[in-house]
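Please open the model in your viewer and keep the sequence panel beside it. The tour below moves from one selection to the next, with a short account of what is there.

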Amino acid sequence: MLGAIMFGMGLTLAPQDFKIVLSRPKDILIGCFTQFTVMPLLALGLTWAFSLPKELAIGVILVGCCPGGTASNVITYLAKGDLALSVGMTAASTLLAPLLTPFLVWFLAGTMVDVDTVGMLMSIVYVVIAPIVCGLLCQRFLPKVTKCVTPYLPAFSSVVIALVVGTVVSHNADQLLTAGLLVVAVVMIHNLLGLGIGFTVGRLLHLQRPKCVALSIEVGMQNSGLASSLAVLHFAAYPLATIPGAVFSVWHNISGALAAKLYSDN
């Protein structure tokens with residue numbers, strides 16, 4: 001299901017989206033560095049602060065180590081942020097994810113569990129990178145078909161995301177009932193701190209407000225569906241590890257919409 005969403009993302013990406021990475025290297029570097037430092041470190045800090053059990057700690061760290069979320073570009077647009085920067089950051093962080101996500105998970109969670117970094121790398125390539133490449137190829141060689149299906153992709157992605165979250169939650173309903181409030185609290189704090197710190201970093205670097213808004217949303221919104229997928233694939237012995245990603249998938253769309261309203265009104 002996540003591969004289907006990534007395929008849709010590939011259908012909507014354009015060559016100029018990747019050119020942004022080369023034409024604005026400073027902005028993209030700032031964004032990706034913030035993305036892959038703030039969220040992983042916040043995740044680790046929250047696992048310590050709340051004394052999370054191992055299973056939940058793994059899930060929170062997985063969320064923190066994933067690239068930017070696929071909905072961040074829409075939220076940035078609604079928030080009147082720098083859309084080009086948002087798209088460039090999403091593309092760059094997604095391309096960096098096969099290397100950085102397994103490494104960061106190993107670095108932060110390697111003392112708690114065995115982390116199959118090579119297996120995680122290959123999973124991200126199969127589930128994220130390959131479908132995006134297939135989408136780009138379809139866009140290149142089947143432009144008429146791509147043009148016909150593109151208007152329906154947002155609705156399709158929403159339905160698939162709902163199915164992903166519903167599947168993960170239903171498989172772990174009993175565990176979620178026992179640890180639900182704790183998970184929700186940690187996920188909310190993680191996301192809100194990411195949004196706030198992302199904006200603050202932009203301000204401290206004297207970036208223009210639209211760039212600060214894009215940085216805030218890109219840092220705060222994670223590809224949490226990928227986190228749940230990796231938990232299922234590589235941490236099957238710890239069922240609760242899938243829960244933080246599922247909860248994050250729901251919450252960050254709510255907080256993102258609220259942030260868009262707040263940013264656009266100011």
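In what follows, buried means under 20% relative accessible area, exposed means over 50%, and partly exposed lies in between, with a 1.4 Å probe and protein chains only. This is a predicted model, in which local features need pLDDT of at least 70 and side-chain atom pairs count only at pLDDT 80 or more, while totals for chains, interfaces and linings use all residues. Residues are numbered from 1 along each chain as its sequence is written, and side-chain values use heavy atoms, with hydrogens and water left out.

Begin by selecting isoleucine 75, which is found in helix α5 (residues 72-78); helices here are DSSP runs of H or I with at least four residues, strands are runs of E with at least two, and both are numbered from the N terminus. Isoleucine 75 has a relative accessible area of 9% and is therefore buried.

Next, turn to helix α6 (residues 83-109) and show the side chains of phenylalanine 103 and tryptophan 106, which are three residues apart and so separated by about one helical turn. Rings of Phe, Tyr and Trp (its six-membered ring) pair if their centres lie within 6.5 Å, and planes under 30 degrees apart count as stacked, over 60 as edge-to-face and the rest as tilted. A search of the whole structure finds three aromatic pairs. One of them joins phenylalanine 103 and tryptophan 106 in a tilted arrangement, with 5.9 Å from centre to centre and 40° between the planes. Phenylalanine 103 is partly exposed at 43% relative accessibility, and tryptophan 106 is partly exposed at 44%. Phenylalanine 103 also pairs with phenylalanine 107, this time stacked, at 6.1 Å centre to centre and 20° between the planes. These two phenylalanines are four residues apart in helix α6, and therefore about one helical turn separates them. Phenylalanine 107, at 55% relative accessibility, counts as exposed. Viewed together, Phe103, Trp106 and Phe107 form one aromatic cluster.

Now select the cysteines. What number of disulfides does a search of the whole structure find? The search finds zero, a disulfide being a pair of cysteine sulfur atoms within 2.5 Å. For cysteine 138, the nearest cysteine sulfur is that of cysteine 134, 6.8 Å away; cysteine 138 is partly exposed, with a relative accessible area of 22%. The sulfur of cysteine 148 is 13 Å from the closest cysteine sulfur, in cysteine 138, which is too far for a bond, and cysteine 148 is exposed at 53%.

Close to the end of the tour, show the charged end of arginine 140, which sits over the ring of phenylalanine 141 at 5.3 Å from its centre; the rule asks that NZ of Lys or CZ of Arg be within 6 Å of the ring centre and within 35 degrees of the ring normal.
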